[in-house]
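Open the model in your viewer and keep the selection panel at hand. We will go stop by stop.

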Amino acid sequence: MGLNTDAPGLIRALAEHGMQSPGKALILGAGGTARAAIYALKEAGWEVTVWNRTAIKAEALASEFGVQVMHGARPHAKGFSLLFNATAASLAGAAIEVDFEGAAPGLLMDAM
């Protein structure tokens, strides 16, 4: 049996940033870290949407967890209280181009 600390670590980190009430989260990516984040946030009562550069991967992950999928070449932050970057692009120092127009002033951005 394995042990994954990503999920409880995410919830603890959100609490440390004052985000104890569930809101709307946008997860960027569709790999293992995104999977852990979606699981943790859903369990904590968050409304989750997933976006990935490869739409079919986002759709498969969203279907598996029963969450929404955001389509399009560029994700947008409007309406979300949490933006979680779980993409491999950030590991290589590359940025994901996100449309922040209309984003909430208190938008919390995090990356694992």
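Is E97 exposed or buried? Select E97: its relative accessibility is 57%, so E97 counts as exposed. This is a predicted model, so colour it by confidence before going on. The protein averages a pLDDT of 87, and 93% of the residues score at least 70. Strand β5 (residues 108–111) has the lowest confidence, with a mean of 64. The highest is in β3, at 98.

E97 sits in the loop between β4 (82–85) and β5, R74 in the loop between β3 and β4, so the bridge ties together parts 23 residues apart in sequence. R74 counts as partly exposed, at 42% relative accessibility.

Next, select R35 and E64. Here the closest N and O atoms of the salt bridge are 2.6 Å apart. R35 belongs to helix α2 and E64 to helix α3, 29 residues apart. R35 is partly exposed, with a relative accessible area of 34%. The salt-bridge count comes to two.

Now show helix α3, residues 55–65. A58, L61, A62 and F65 are buried there. They cover an arc of only 100 degrees around the axis, which puts them on the same side of α3. These buried residues pack against α2 (32–43), β2 (47–51) and β3 (68–69). Turn to the face away from the buried side: I56, S63 and E64 are exposed there. Just past α3, G66 has a positive phi of about 70 degrees.

Last stop: K24 and F80. K24 lies over the face of F80, 5.3 Å from the ring centre. Aromatic pairs number zero in the whole structure.

Note on methods: Residues numbered from 1 in each chain as written. Predicted model: local features only at pLDDT ≥ 70, side-chain atom pairs only at ≥ 80, totals over all residues. Heavy atoms only, no water. Phe/Tyr/Trp six-rings, centres within 6.5 Å; stacked < 30°, edge-to-face > 60°. Lys NZ or Arg CZ within 6 Å of the ring centre and 35° of its normal. Buried < 20%, exposed > 50% of the residue type's maximum accessible area, 1.4 Å probe, protein only. Helix = DSSP H or I, 4+ residues; strand = E, 2+ residues; numbered from the N terminus. Arc of directions from axis to C-beta. Contact = heavy atoms within 4.5 Å. pLDDT = per-residue confidence, 0-100. Salt bridge = Lys/Arg side-chain N within 4 Å of Asp/Glu carboxyl O.
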